[in-house]
Amino acid sequence: MIDKNLKHSGLNLTFRVLFAILTLALMTYIFHLSAESAEVSSKTSAGLIEKVAETFVPSYKELSEVAKKEYVSSLQGIVRKLAHFSIFAALGVCSAGFTATFKGKFFIKLILTQIFCSLYALSDEYHQTFSKGRSFQFSDILMDSLGAFCGIVFVLLIALICIKKKGCKM
């Protein structure tokens with residue numbers, strides 16, 4: 001239940017509900033992305049690369065259509081791995097924020113959060129095998145788990161700063 005040691009248990013409940021909603025929303029979004037076909041997924045990442053290149057790479061607009069396609073293709077792998085990392089970092093932050101609102105040893109809660117995120121990454125990879133042209137990639141699970149770990153470490157650092165500055169208990 002709610003940690004009675006916290007000064008503002010109403011605030012604790014508010015954060016718990018907020019982080020629960022954000023965690024479920026991210027999980028739903030990840031599930032939706034994994035349900036996309038390989039063609040749709042590739043078009044999404046290619047479109048993002050094109051928009052970023054048009055905005056930040058001055059010479060991109062001057063390239064031929066073939067050169068633009070080669071440029072986009074050369075960056076797709078990196079962008080897709082960064083997408084895995086980023087969304088699971090956000091999942092790590094939200095799920096660690098949720099577990100931090102419960103009573104118990106903070107580091108144990110963070111370990112359980114990492115296990116949760118890694119298992120979700122595994123289930124996500126399995127789920128996408130049912131989407132046309134998609135496959136199970138162990139490297140994506142590693143990237144997802146690393147992203148979640150970084151998000152969890154971010155929450156840990158915020159908690160440590162909070163404890164040091166304000167005397168909060170987690």
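Does cysteine 94 count as buried or exposed, and what is its relative accessibility? At 9% relative accessibility, cysteine 94 counts as buried. Buried here means under 20% relative accessible area, exposed over 50%, and partly exposed in between (1.4 Å probe, protein chains only).

The model is predicted; local features need pLDDT of at least 70, side-chain atom pairs count only at pLDDT 80 or more, and totals for chains, interfaces and linings use all residues. Residues are numbered from 1 along each chain as its sequence is written, and side-chain values use heavy atoms, without hydrogens and water.

The structure holds zero disulfides (a disulfide being a pair of cysteine sulfur atoms within 2.5 Å). The closest cysteine sulfur to that of cysteine 94 lies in cysteine 117, 9.4 Å away, too far for a bond. Cysteine 117 is buried as well, with a relative accessible area of 0%.

Cys94 is also one of the α3 residues that meet α1. Helix α1 spans residues 9–35 and helix α3 residues 65–99; helices are DSSP runs (H or I, at least four residues), numbered from the N terminus. Their axes come within 8 Å and cross at roughly 150°. Axes are lines fitted to C-alpha atoms, for helices over the stretch in contact, with angles from 0 to 180 degrees between N-to-C directions. The two helices are therefore roughly antiparallel (over 145 degrees).

Contact means heavy atoms within 4.5 Å. On the α1 side, the residues include Phe19, Leu26 and Ile30; on the α3 side, they include Ile87, Leu91 and Phe98. By class, this contact has 15 nonpolar, three polar and one charged residues. Ala, Val, Leu, Ile, Met, Phe, Trp, Tyr, Cys and Pro count as nonpolar, Asp, Glu, Lys and Arg as charged, and the others, Gly among them, as polar.

Notes
Parallel < 35°, antiparallel > 145°, perpendicular 65-115°, else oblique.
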